[in-house]
Amino acid sequence: QTNLLIPDFSGVWLLTTSSDSIKKNSDKNRVIFFFFFHQEPKLTIKKVIYKQKNDEPEVEERVYFTDGRGEKFRTSRLSPNRNVMQVSINSKTKWNSSETLIFENYIKVNAPVGILPERLFEKWNLSDGGKTLNITVNFFDDNENQVYTSGNVAPSRFREWTETYKLLNE
């Protein structure tokens, strides 16, 4: 990476808008904060989600490297039936330009019906003098053999949405 003016994402950020209708409808009362600690090329992200007022928050912390070296994460997720599914994520993070950070996430969900592959790509950039974080998300459901039980509706295989975060504290 040459000496470009790379944005510093450090600070506390609050999700203010999301065009993702699925998340909007399922988590109307949720509040999401991001705590970023950015010392190029290391970007530590602590995500804190309050699903309901007065609930204990869900906290997740990950470290990314913006030089493209790659990251591996393990986590879990609840299925529609409330079963815990193990998730592995191979991620690659890199600057697309001096102003846009790209996250490529290759996800494998270990579900009762087998391994479900997904891809999630994010583009991050700052606007409003560094006070607004804009994230464009592209999600691909790569599972061609998904079997949906009665009452479940197959999700779209591709979704795109945007999220906007406001800087609360540097």
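# Sheet, core and aromatic rings

Biologist: In what order do the 10 strands of the open sheet stand?

Modeller: This is a predicted model: local features need pLDDT of at least 70, side-chain atom pairs count only at pLDDT 80 or more, and totals for chains, interfaces and linings use all residues. Residues are numbered from 1 along each chain as its sequence is written, and side-chain values use heavy atoms, with hydrogens and water left out. Strands are DSSP runs (E, at least two residues) numbered from the N terminus, and two of them pair if DSSP finds at least two bridges between them. Pairing is antiparallel, and the order is β4-β3-β2-β1-β10-β9-β8-β7-β6-β5.

Biologist: Which strands stand at the edges?

Modeller: An edge strand here has a single partner, so one of its sides is left without a neighbour in the sheet. From one strand to the next, the twist averages 25° (axes are lines fitted to C-alpha atoms; angles run from 0 to 180 degrees between N-to-C directions). The edge strands are β4 (58-65) and β5 (71-78).

Biologist: How many bridges join β5 to β6?

Modeller: These two strands form a hairpin with five residues between them, and Arg-82 in the turn has a positive phi of about 75°. Glu-71 stands opposite Ser-91 in β6. The strands run antiparallel, and the bridges number eight.

Biologist: Which residue in β10 stands opposite Val-12?

Modeller: Strands β1 (residues 11-18) and β10 (residues 158-169) run antiparallel, joined by six bridges. Val-12 faces Asn-169.

Biologist: Is Phe-65 buried, partly exposed or exposed?

Modeller: Phe-65 is found in edge strand β4. Leaving aside neighbours within four places in sequence, Phe-65 is in contact (heavy atoms within 4.5 Å) with Pro-41, Lys-42, Glu-71 and Thr-93. Buried means under 20% relative accessible area, exposed over 50%, and partly exposed in between (1.4 Å probe, protein chains only). At 21%, Phe-65 is partly exposed.

Biologist: What is the centre-to-centre distance in the Trp-13 and Phe-36 pair?

Modeller: Rings of Phe, Tyr and Trp (its six-membered ring) pair if their centres lie within 6.5 Å; planes under 30 degrees apart are stacked, over 60 edge-to-face, the rest tilted. By this rule there are 15 aromatic pairs. Trp-13 lies in β1 and Phe-36 in β2, so their pair ties together parts 23 residues apart in sequence. With 45° between the planes the pair is tilted, and the distance is 6.3 Å.

Biologist: Over which ring does the charged end of Arg-62 sit?

Modeller: A charge sits over a ring if NZ of Lys or CZ of Arg is within 6 Å of the ring centre and within 35 degrees of the ring normal. Arg-119 lies over the face of Phe-140, at 4.3 Å from the ring centre. For Arg-62, at 4.9 Å from the centre, the ring belongs to Phe-73.

Key. Helix = DSSP H or I, 4+ residues; strand = E, 2+ residues; numbered from the N terminus.
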